[in-house]
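This report covers a predicted model with two chains. It takes the helix packing, then the sheet, then the contact between the copies.

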Protein chains: 2
Amino acid sequence: MTKILTVGEILVEIVATTKGDGFREVQPLKGPYPSGAPAIFVDQVGRLGLEAAIVGRVGDDDFGHLNIARLKADGVDISGIDIAADEVTGCAFVRYRPDGSRSFVFTLAQSATANLVLTEAGEALLDRCEHLHVMGTALSAPGMAKVALQAVDRVKGRGGTLSFDPNIRAEMLHKPGLRDRLASVLERTDIFLPSGEEIFLFTDAIAEDAAIEDLLSRGISEIAVKRGARGASYFAGDTRLDVAAHDVEERDPTGAGDCFGGTFVALRLAGEPPETALRYANAAGALAVTALGPMEGTSTRAALEAFLKEQAGR
Amino acid sequence: MTKILTVGEILVEIVATTKGDGFREVQPLKGPYPSGAPAIFVDQVGRLGLEAAIVGRVGDDDFGHLNIARLKADGVDISGIDIAADEVTGCAFVRYRPDGSRSFVFTLAQSATANLVLTEAGEALLDRCEHLHVMGTALSAPGMAKVALQAVDRVKGRGGTLSFDPNIRAEMLHKPGLRDRLASVLERTDIFLPSGEEIFLFTDAIAEDAAIEDLLSRGISEIAVKRGARGASYFAGDTRLDVAAHDVEERDPTGAGDCFGGTFVALRLAGEPPETALRYANAAGALAVTALGPMEGTSTRAALEAFLKEQAGR
């Protein structure tokens, strides 16, 4: 049985190796790196040894095959990845500005991903999985969103569980219908995985405590808040757990939240207590930022254990 | 009056800086470079100081604006470039193999270019130009091809002239309808600009002499054959002119044929004799290969003169 499924974008990332604003000048780049928030999430689940699958769509080009090869090598079930002839795999060009913010050129709007539909293989995965993870990015384009919402209906309808990471950049929130789609997924969410300020996306509360209380009162079972360099927190009922961030050399924060989420969800579904899941997820996020490239920093359980042991001994 | 118009793809090129086969591994890259065969052609015409314009379509992103800024800076009329909101500018990833051949990932099939339509500004350019240049690449996608063929009808119908560079990679010839479109443009061509073996694309002749004779008998006024490292030749009626290639350090041959074509057509339309046009075009092609990046090697008239003078003194 495939346990953990996600739906959404699979793409390549091209990283600028100098800091600056955008791509209006010739500059050194590095890539293509396998990427896409749902893909990174599911790759992290696969590397932890859990059954994992993704429903997605790529072009029949080097970029699509690069992603498929990586996911397969990391143990992910790739049967739900549709390879579209005569379409192209989406690209994300990313450049860090000197202040740490990022500028992007995305080609997803016109790529195989934008035309995602549920194939027979995708349907089969929906019927087999026990848990679905939804990334807010997968809700940002109408086609992908339709499939993701279908998946939510099917998996929840069958008694499966749902995790949700809003994972949304502020400038995307104006997209028509996006906020409604995010809210409709939140309504059915069991495990909520916001980053920092995202806890305020769906509540009128002003203080974090009140926001958490509001969200938990709506049927969400547990919340893990990712705070980047300020660690992470877990909330469920009256329980609150906090972990501090690890002191690591940051090379590329892209993908860290996805690795955190993949680890947290995988360990919770494997029956680990929240404390363990939070600690390992926090470690996975830390290790992710030390690697250049969004999917290059996914970790095995052995690597997380070694890292936590080394950190405890410091 | 806008004298020389072209229609077709405007894109960015991302160049692999190591040799190898394709893009299934992370590697150092450089870019984005402004590119697209018609864009390079028209940029070369603009740099020679002739009135030049292009009908094309880009996304409202850094890659589109990078191209527009370059063409404008080089004197090209950019009024016919449609900036498509919510669409993306096409990308070409290029990597040289150790044997000098190239592998590509193209995203053009799903990009703003693929949806090229004739805008009001484009119509105005068609009514004003005296000469149209068609690149075979612009005929490779149905939407672009439709606009290019409309342009041929309009410009030839008004008594304008037509130049044509097949500029087609062998693996593209299987595309449905492409060969017919190429043939229909050739039928109305005044200046034909094939590279090497492309002279045999539209004739049953086996020897070059016979192929040239056949093509000239069909209404083509003049033919300039680009032979890369073996120079170039000119044919019209009973005239044959040959020039040897210049001995330059090749850094990137991409775009050299487009620079040759832009220079040849510009000088012929400016009233220069074939011998001068051929010599300058040959120099433009030579200078183009010394620069990394497809549009980086376009030349001013002063640069071509200086280069020819220096070469004559060797």
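Angles run from 0 to 180 degrees between N-to-C directions, with axes fitted to C-alpha atoms, for helices over the stretch in contact. In chain B, α2 lies across β7 of chain A and across β2, β3 and β6 of chain B.

The 12 residues of α2(A) should span 16 Å at 1.5 Å a residue, and the end C-alpha atoms are 16 Å apart, which agrees. The expected span is 1.5 Å times one less than the number of residues. Buried residues in α2(A) include A:F63, A:L66, A:I68 and A:L71. Buried means that 20 or more other C-beta atoms, placed from the backbone, lie within 10 Å of the residue's own. Just after α2(A), A:G75 takes a positive phi of about 90°.

## The sheet

An open sheet of 8 strands has the order β7(A)-β6(A)-β2(A)-β3(A)-β3(B)-β2(B)-β6(B)-β7(B), with mixed pairing. β7 (102-106) of chain A and β7 (102-106) of chain B stand at the edges, each with a single partner strand, so one side of each has no neighbour in the sheet. Neighbouring strands are turned by 30° against each other on average, direction ignored.

Strands pair if DSSP finds at least two bridges between them. β2 and β6 of chain A run parallel, joined by 5 bridges. There, A:V15 has A:V94 as its bridge partner. β3(A) and β3(B) pair in the antiparallel sense over 5 bridges. A:G31 stands opposite B:Q27 in β3(B).

## The two copies

Chain B can be laid on chain A by a turn of 180° and a shift of 0.0 Å along the axis, with an RMSD of 0.0 Å. The two copies are thus related as by a two-fold rotation axis. The superposition is by least squares on C-alpha atoms of residues with pLDDT of at least 70 in both.

26 residues of chain B are in contact with 26 residues of chain A. Contact means C-beta atoms, placed from the backbone, within 7 Å. β3(B) gives the largest share of chain B's side, 6 residues.

## Conventions

Residues are numbered from 1 along each chain as its sequence is written, while chains are lettered from A and ligands numbered from 1 in the order in which they are written. In this predicted model, local features need pLDDT of at least 70 and side-chain atom pairs count only at pLDDT 80 or more, while totals for chains, interfaces and linings use all residues.

Methods: Helices (H or I, at least four residues) and strands (E, at least two) are DSSP runs, numbered from the N terminus. Two residues are in contact if their C-beta atoms, placed from the backbone, lie within 7 Å. A residue is buried if 20 or more other C-beta atoms lie within 10 Å of its own, exposed if 12 or fewer, and partly exposed in between; C-beta atoms are placed from the backbone.
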